[in-house]
Amino acid sequence: MAYRQRRRQIMLVYEMKLQGTESQYRSLDEAIRTGLFVRNSVIRAWLDGQVKSRNDAYKHCKLLSDNPEFPWASRLNSMARQAHAERAWASIERFYRNCKQKTPGKKRCDLAALQAARGSAPRKGFPKFKKYQVRASVEYKTSGWKLSGDRRYLTFTDKFQAGTFKLWGSRNLHFHQLEQIKRVRVIRRHDGYYAQFLIDHEREEKKELTGKQTGLDVGLNYFYTDCSGNQIDNPRFLRKDERKLKKLQRRLSRTQKGSQNRKKARNKLGRAHLKVSRRRNDWVCKQAQHVIGSNDLVAVENLRIRNMVKNHHLAKSISDAAWYRFREWLEYMARVYGVPVIAVEPAYTSQNCSNCGEKVVKTLSTRTHECPHCGYIADRDENAARNILKSALKQLSNKETDKKSINGLI
Ligand SMILES: [Zn+2]
């Protein structure tokens with residue numbers, strides 16, 4: 001039996017709920033607000049031309065904490081301040097990168113455009129100032145917090161004095177060395193406060209070779225269809241959840257602005273959203289695990305979510321199908337198990353015949369692919385899945401012969 005063994009560096013994220021008192025939570029709120037303040041200040045300074053590099057961003061952090069006008073800035077742990085400056089700089093860099101690549105929908109980034117953007121309403125993709133939201137977070141690096149010896153309590157040691165919280169969760173931090181914890185992120189959600197531990201982990205997973213490769217076609221009728229014609233249904237609960245969310249949304253819109261009832265209704269809706277997204281996430285995670293576990297190579301369509309949003313109906317279905325999260329899980333497990341996941345451009349995957357390559361035009365309602373050229377008959381989605389695998393393999397072999405980088409690989 002052949003085994004494939006990989007050694008890969010992976011960031012694991014463990015999440016646990018923080019149990020503390022109301023006043024402790026208010027201290028966390030302050031820390032979160034300060035993180036946001038640092039981020040927004042760096043963006044402001046960049047707009048004003050004072051920050052031109054990552055280093056400048058760090059320097060700006062120092063200025064903020066030394067400034068007596070902002071006493072709260074110095075209360076946040078210094079590495080946490082840096083982490084938030086990094087976040088700001090990352091969004092600025094993303095903006096520059098998108099400009100360079102001339103990503104559709106994003107404007108060119110010459111000086112004039114930047115100047116114009118500074119003076120007028122922000123453009124799409126332009127780093128934004130973040131506003132207050134319930135869901136927000138503050139990020140600590142390797143200082144400003146301390147785990148108890150039994151690793152069941154987390155204490156914040158910066159000047160916000162949030163104190164010690166009990167950790168609730170199924171994860172066991174005992175498996176990891178303290179040095180492996182690279183970051184601790186405090187997240188505020190509608191149902192409470194959570195700590196995320198980012199753990200630098202060398203995950204080593206043995207995987208038996210299956211001798212199988214597959215392509216996946218995602219659709220509205222099925223969550224996905226693979227090359228062998230296996231079809232995974234969309235889970236029924238997605239529809240049910242959607243109905244529930246709609247009901248809560250309607251209830252919220254009937255309440256009066258600023259009223260206590262509105263606050264309650266918003267909280268209820270927020271909690272429902274959380275529950276729905278957790279359930280969805282669990283389900284897609286299992287699907288991804290199954291796909292990676294039973295194949296040596298997986299090909300998927302490189303769907304551009306942004307383009308799809310233009311079609312309202314489709315966007316809704318796409319989010320229902322949780323395809324996006326599924327892709328994220330596929331990419332993650334691909335790294336853990338050393339299974340290549342290759343994304344291909346979605347051109348003609350449903351129109352062409354996967355047997356002879358001729359174009360066979362069909363409408364969205366035609367469910368069966370029947371090729372008049374070679375006589376090949378298959379389910380429409382299965383034919384598409386086969387095309388996806390084929391073009392992934394072609395892409396792969398072209399890259400091999402070119403001896404170029406494996407950029408196409410995820
Ligand atoms: Zn054909």
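Modeller: Let's start with Q161, which counts as partly exposed because it has 13 C-beta neighbours inside 10 Å. (Buried takes 20 or more other C-beta atoms within 10 Å of the residue's own, exposed 12 or fewer, and partly exposed is in between, with C-beta atoms placed from the backbone.) This is a predicted model, so local features need pLDDT of at least 70 and side-chain atom pairs pLDDT 80 or more, while totals for chains, interfaces and linings use all residues. Numbering runs from 1 along each chain as its sequence is written.

Q161 sits in the loop between β5 and β6 (163–168), and its phi is positive, about 50°, although Q161 is not a glycine. R151 is another non-glycine with a positive phi, near 60°. You'll find R151 in the loop between β4 (145–147) and β5 (153–156), and its 15 C-beta neighbours inside 10 Å make it partly exposed. Strands here are DSSP runs of E, at least two residues, and helices are runs of H or I, at least four, numbered from the N terminus.

Now the helices. In α2, the buried residues are A57, H60, C61 and L64. They lie on the same side of α2 because they cover an arc of only 110° around the axis, taking the directions from the axis to the C-beta atoms. N55 and D66 are exposed, on the face turned away from that buried side.

Next, α5 (residues 236–254) and α6: their axes come within 9 Å and cross at roughly 165°, so the two are roughly antiparallel. (Under 35 degrees is roughly parallel, over 145 roughly antiparallel, 65 to 115 roughly perpendicular, the rest oblique; axes are lines fitted to C-alpha atoms over the stretch in contact, with angles from 0 to 180 degrees between N-to-C directions.) Residues meeting across this pair include L245 and L248 in α5 and L269 and A272 in α6; contact means C-beta atoms, placed from the backbone, within 7 Å.

Helix α6 (residues 260–293) also packs with α9 (residues 323–337): the axes come within 9 Å and cross at roughly 45°, so this pair is oblique. Among the residues making the contact are V284 and A288 of α6, with F326, W329 and M333 of α9.

Notes
Contact = placed C-beta atoms within 7 Å.
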